[in-house]
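User: I'm new to this one. Can you walk me through what the inside looks like?
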Amino acid sequence: MAVDLLLGLQWGDEGKGKIVDVLTADYDIIARFQGGPNAGHTLEFDGIKHVLRTIPSGIFHDKAINVIGNGVVIDPVVFVQELDGLEQFKIDYKSKLIISRKAHIILPTHRLLDAASETSKGKAKIGSTLKGIGPTYMDKTGRNGLRIGDLEQDNWKEKYRNLANKHEALIGFHDVQIQYDLAELEKEFFTAVERLKELTFIDSEEYFQNAQRNGKTILAEGAQGSLLDIDFGTYPFVTSSNTTAAGACTGLGVAPNQIGEVYGIFKAYTTRVGSGPFPTELFDEVGAEMAKVGHEFGAVTGRPRRCGWLDLIALKYTCQINGVTQLMMMKGDVLSGFDSLQVCTGYEYKGETIHHLPYNIEAENVTPIYTEFPCWKEDLTKMTDPSQFPAELNEYIDFLEKELEIPIKVVSVGPDRTQTIHR
């Protein structure tokens with residue numbers, strides 16, 4: 001059985017959690033393959049809003065097994081908070097949630113090091129969420145990291161101490177003032193680790209091989225968005241892992257020839273959190289209205305999201321590098337009632353018109369070229385079938401499908417899992 005992928009195609013916050021939740025009924029296994037607790041997957045059903053940070057979005061379905069892959073970095077303290085949140089809904093997570101032994105662990109000192117590093121940058125800050133993600137991936141690639149499998153070894157606390165001591169020395173190197181009580185942070189950390197050790201740890205690459213041989217259906221879930229990929233995103237304003245399709249192979253131990261469908265998720269407009277270039281960003285009342293109607297605030301950080309028109313150049317780019325086979329458009333309902341819609345269909349770049357994403361998309365180098373569309377006035381949130389779509393929405397969808405050469409199979413018209421229309 002092939003492994004299907006679900007990926008965000010913009011700068012994150014596309015609505016991946018909702019779509020995974022909707023699709024989970026068709027899959028036996030939901031696997032998270034990268035990122036850490038800086039991700040916030042929001043699911044809404046039965047009048048309740050749920051925010052998951054590390055745990056895969058299939059956890060609310062009775063039959064799905066949820067796997068945290070080796071490409072993920074785990075903060076035990078945050079993870080236990082998530083588990084506590086599940087208990088009130090009587091979720092049997094001990095039987096439904098398993099973790100790769102090769103996943104790396106975020107230490108308290110990783111978070112402190114993150115804060116010291118970001119503070120030292122001054123105005124050159126990259127907009128880190130200060131969750132310790134970057135420093136943990138640095139230790140991973142530097143071959144210093146502490147992994148889930150280490151918790152099964154007798155000397156894991158010795159490994160912890162050596163790494164934490166190194167981090168404290170590095171914090172001093174940044175020469176900034178940050179206040180912390182490491183003893184108190186460690187007390188919370190060690191307590192959370194004991195809870196974490198109650199779960200099942202697996203050799204995930206072997207697990208997935210066996211699952212495929214036994215005909216299990218698998219959906220791999222990414223965090224963040226493709227434009228935040230460490231290699232192919234808007235560097236250096238990116239995350240610290242591979243958020244694209246290739247990251248699913250390295251983050252789970254799945255061979256490239258085992259990838260099946262690649263579901264690409266995008267908003268009908270564009271948002272971005274934190275620093276970094278954003279060619280179609282709006283600084284007027286239209287952008288403010290998008291943010292207000294779309295409730296554009298980070299699920300984990302609470303930070304306001306910058307809003308702008310759909311950037312078709314960037315979207316083509318991420319469809320190509322991911323090999324997207326099906327598209328899912330989110331938040332079409334947010335655009336209802338605008339005077340008109342704009343879609344970026346080209347860039348003015350260094351004196352010429354281009355239709356690809358260049359190396360540098362900073363405002364001084366790139367000016368978006370827009371194509372205008374009429375906007376629909378109808379409220380989409382009560383619609384349940386594509387036959388109810390207004391002509392203007394169909395025109396918008398048809399144009400995107402033609403330009404991207406990929407079918408848009410799902411249109412989301414609201415946050416609830418029921419507000420998902422299949423075409």
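User: Where does the largest cavity lie?
Analyst: Both domain 1 (3-101 + 202-263) and domain 3 (266-422) give residues to its lining, so the largest cavity lies between them. The domain bounds come from an automatic or database domain assignment. This is a predicted model: local features need pLDDT of at least 70, side-chain atom pairs count only at pLDDT 80 or more, and totals for chains, interfaces and linings use all residues. Residues are numbered from 1 along each chain as its sequence is written, and side-chain values use heavy atoms, with hydrogens and water left out.

User: Which residues line the largest cavity?
Analyst: L9, Q10, W11, L227, T270, D311, A314 and L315. The space in the largest cavity is about 30 Å³. A cavity is a set of points on a 1 Å grid over the protein atoms alone where a 1.4 Å probe fits but cannot get out, and lining residues have an atom within 4 Å of a point. Grid points are joined across faces, edges and corners, and a volume is the space filled by probe spheres set on the points.

User: Switching topic: which residues touch the most other members of the largest nonpolar core?
Analyst: F266, L327, M329, L335, L341, Y396 and L400, out of 56 residues. Such a core is a set of buried (under 20% relative accessible area, 1.4 Å probe, protein chains only) Ala, Val, Leu, Ile, Met, Phe, Trp, Tyr and Cys residues joined through side-chain atoms within 4.5 Å.

User: And which domains does this core draw on?
Analyst: At least three residues come from each of domain 1 (3-101 + 202-263) and domain 3 (266-422). Apart from this core lies another, of 32 residues, among them I68, L86, L97 and A164.

User: What does L335 touch?
Analyst: Leaving out residues up to four places away in sequence, L335 touches A268, Y269, M290, L341, C375, W376 and Y396, where contact means heavy atoms within 4.5 Å.

Notes: Buried < 20%, exposed > 50% of the residue type's maximum accessible area, 1.4 Å probe, protein only. 1 Å grid on protein atoms, 1.4 Å probe; cavity = no way out; pocket = protein on both sides within 12 Å on 5 of 7 lines; lining within 4 Å.
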